[in-house]
Amino acid sequence: MPLRALRQRPEHAALLTDFDGTLSEIVVDPEQARPRPGVVETLSALAHRLGRVAVVSGRPVDFLAAHVTDPAVELIGQYGLEGRRSGDRWEHPDADRWRGRIDELAVRARTELPSVVTVEPKGMGMTLHYRGAPTAEPDVKSWAARNSGEFVLRPARRSVELHPPIEVDKGVAVLELAAGHDPVAYLGDDVGDLPAFKALGILRGRGVTVARIVVSSAEVAEELLVEADDVVAGPEAMVALLRGLADA
């Protein structure tokens, strides 16, 4: 079992996890995503046993903090542009200047894209969701390509994300979080988690014990499965896996 090493050296271990599709089900309206029953309590229990527990997400920290309230669980939002550590909030020093531009882009997107597209501004970045209307995918991608300007486009599950041109992603965040920890586990489900998996591959090459666990679905990226040490069948199974770790 890939998480066995965390049980053997809990005080040195780091457990890092994605949110959407890993701890919560994927839903059409991103604002309606909620952690699976019991997962918040399980993360809190693990945070008081392991060396570090963190949620690493593309979501804003405000959204994550509304659901994961225990300050012992570290939060990394917007792929590393902001976070919460020991209850204190922090933000990348270059991030704030992009807020106004995102607000302007969000207004344009809502005006120019089909109404079935969900526009999710995140403060320093934005996601355009077409899960509820797959036929809008070409329009969304075309609009994003024409209007992104300096923003970096990243593909995501049934969506397109616009990020400020700052060198952060889940891989950078994971390497920072994993520093000084051994073993390290990361749980994810989407292409946005691939940099985190590759970061753990780098750590494995340095002799660190790592576990990369994928939450499977009909939409899971093949690249993730290639990198995975284990695969579980959906967020419910992931929560059961975490509960087993907490109860060990």
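This is a predicted model: local features need pLDDT of at least 70, side-chain atom pairs count only at pLDDT 80 or more; totals for chains, interfaces and linings use all residues.
Are Tyr 186 and Phe 197 buried or exposed? Tyr 186 is buried and Phe 197 is too, where buried means under 20% relative accessible area, exposed over 50%, and partly exposed in between (1.4 Å probe, protein chains only).

Residues are numbered from 1 along each chain as its sequence is written, and side-chain values use heavy atoms, with hydrogens and water left out.

**Exercise 1. Work through the aromatic pairs.**

Step 1: take the rule. Rings of Phe, Tyr and Trp (its six-membered ring) pair if their centres lie within 6.5 Å; planes under 30 degrees apart are stacked, over 60 edge-to-face, and the rest tilted. The count comes to three aromatic pairs.

Step 2: look at one of them. Trp 98 and Phe 151 sit edge-to-face, 5.2 Å centre to centre with 70° between the planes. Trp 98 is in the loop between β5 (88-91) and α4 (99-112), Phe 151 in the loop between α5 (137-147) and β8 (152-156), and 53 residues separate them. Helices (H or I, at least four residues) and strands (E, at least two) are DSSP runs numbered from the N terminus. Both Trp 98 and Phe 151 are buried.

Step 3: go back to Tyr 186 and Phe 197. This pair is edge-to-face as well, at 5.8 Å centre to centre and 85° between the planes. Tyr 186 belongs to strand β10 (residues 184-188) and Phe 197 to helix α7 (residues 194-205), so the pair ties together parts eleven residues apart in sequence.

**Exercise 2. Find charges sitting over rings.**

Step 1: the test is NZ of Lys or CZ of Arg within 6 Å of the ring centre and within 35 degrees of the ring normal.

Step 2: apply it. Arg 59 puts its charged end over the ring of Phe 63, 3.9 Å from the centre. Over the face of Tyr 79 lies Arg 154, 5.5 Å from the ring centre.
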